[in-house]
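Student: I have a structure to look at and I'm new to it. Could you walk me through how to read its features?

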Amino acid sequence: MEIDFPDPFWLAVIGTSLLAFILKYLGHSVPKRWLSHPRILKINSLIPIALLSALVAVQSFTKDSLLIADQRMAGVGVAILALILRAPFPVVVLSAAATSAALFNIG
Amino acid sequence: MSRVNRATAAQSLSVSLTVGAYGIAFGAASVAAGFSVLQSCLLSLLTFTGASQFAVVGVLGAGGSALSGIATASLLGVRNTLYGLRMAPVLNVKGLRRIFAAQITIDESTGVALSQEHLGVKAARQGFWLTGIGVFIFWNIFTLAGALGAQAMGNPAAWGLDAAVPAAFLGLLWPRLINKTDRLLALAACALALAMTPYFVPGVPIITTALLAVFFGLRANLWR
């Protein structure tokens with residue numbers, strides 16, 4: 001069995017974990033005034049919106065660097081509907097999965 | 001921490017259970033993206049911050065490099081730094097305790113602590129520790145369950161997991177879309193990431209949208 005070194009999955013696990021802890025510990029250790037600038041706070045609150053939106057789009061509409069529309073689009077569409085109807089999280093996820101699985105298995 | 005306020009304990013437990021159950025979605029997403037069960041569990045134990053974990057498995061699952069996965073996850077983890085800043089004077093801990101406190105500094109522990117602050121600093125502290133430890137326990141148990149479940153499934157698409165993962169992201173994202181700027185940014189990020197996808201290596205289109213957040217953030221300040 002051959003293993004790529006460094007294996008990207010292990011690298012990702014170790015790198016993400018290390019940085020996540022450093023970022024957490026930093027907050028407990030640095031003086032408050034360093035990071036409490038309103039502009040930094042505003043940008044920091046917007047970053048998750050941009051990154052999570054981009055992730056949703058890429059995972060729903062692309063495959064191997066190509067734009068495609070398949071069963072996932074229908075699943076995510078149902079999830080959006082569930083969210084508009086204020087459904088709880090498990091309902092959102094399960095309705096998306098059921099829709100996508102049904103189309104995949106028929107098609 | 002002799003006597004625990006009952007209301008604080010109840011809120012901590014309900015948050016821990018609800019949020020911990022998301023761990024099933026993470027474990028399943030992680031295995032579907034190509035991480036092993038062990039790697040998935042280590043991400044939950046060591047990284048222990050949901051959005052970053054989902055991001056790193058999302059980027060690698062889409063074929064992105066480890067570097068772009070780590071960078072995307074870390075950008076999402078910056079808010080924990082800000083939570084730490086907020087919690088440090090409340091907790092007032094040093095040494096080993098500070099290390100433990102840092103590891104469980106996440107959305108939920110900070111959120112419950114702040115919601116208990118009107119009951120006094122002691123209730124806020126209890127809220128932080130109970131919620132942080134509670135989420136840690138349930139999140140890790142459910143990650144293992146989700147990872148083992150996904151491993152037993154075979155083709156993730158046949159079970160709809162390929163749509164469940166973006167749907168789970170959407171569930172995390174939705175409550176954050178409060179005003180017009182948020183929604184506009186969300187749509188702009190989707191459009192930019194999709195437009196870049198055919199021309200850039202996987203992972204790059206996603207992390208590039210952080211620039212949109214900076215742009216929108218600077219604009220928002222000018223309007224104030």
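Student: How many residues does the contact take from chain B and from chain A?

Tutor: Some ground rules before we start. This is a predicted model, where local features need pLDDT of at least 70, side-chain atom pairs count only at pLDDT 80 or more, and totals for chains, interfaces and linings use all residues. Residues are numbered from 1 along each chain as its sequence is written, while chains are lettered from A and ligands numbered from 1 in the order in which they are written. Two residues are in contact if their C-beta atoms, placed from the backbone, lie within 7 Å. Here the contact takes 82 residues from chain B and 63 residues from chain A.

Student: Which helix gives the most to the side of chain B that touches chain A?

Tutor: Helices are DSSP runs of H or I with at least four residues, numbered from the N terminus. H4(B) gives the most to that side, with 18 residues. By class, the side of chain B that touches chain A has 55 nonpolar, 22 polar and 5 charged residues. Ala, Val, Leu, Ile, Met, Phe, Trp, Tyr, Cys and Pro count as nonpolar, Asp, Glu, Lys and Arg as charged, and the others, Gly among them, as polar.

Student: How do I describe two packed helices?

Tutor: Two packed helices are described by the angle between their axes and the distance between the axes. The axes are lines fitted to C-alpha atoms, for helices over the stretch in contact, and angles run from 0 to 180 degrees between N-to-C directions. Take helix H1 (residues 8-29) of chain A and H3(B): they pack at an angle of about 155 degrees, with their axes 11 Å apart. That makes H1(A) roughly antiparallel to H3(B), a term for angles over 145 degrees. On the H1(A) side, the contact is made by A:Pro8, A:Phe9, A:Ala12, A:Thr16 and A:Ala20, and on the H3(B) side by B:Ser52, B:Val56 and B:Leu60. By class, this contact has 6 nonpolar, 2 polar and no charged residues.

Student: At what angle do H6 and H7 of chain B pack?

Tutor: Helix H6 (residues 107-116) and helix H7 (residues 121-153) of chain B pack at an angle of about 155 degrees, with their axes 7 Å apart. H6(B) and H7(B) are therefore roughly antiparallel to each other. The residues of their contact divide into 6 nonpolar, 6 polar and 1 charged.

Student: Is B:Phe138 buried or exposed?

Tutor: We count neighbours: a residue is buried if 20 or more other C-beta atoms lie within 10 Å of its own, exposed if 12 or fewer, and partly exposed in between, with C-beta atoms placed from the backbone. B:Phe138, found in helix H7 of chain B, is buried because 20 other C-beta atoms lie within 10 Å. Not counting residues up to four places away in sequence, B:Phe138 touches B:Ser16, B:Leu17, B:Gly20, B:Ala21 and B:Gly23.

Conventions: Helices (H or I, at least four residues) and strands (E, at least two) are DSSP runs, numbered from the N terminus. Angles under 35 degrees count as roughly parallel, over 145 as roughly antiparallel, 65 to 115 as roughly perpendicular and the rest as oblique.
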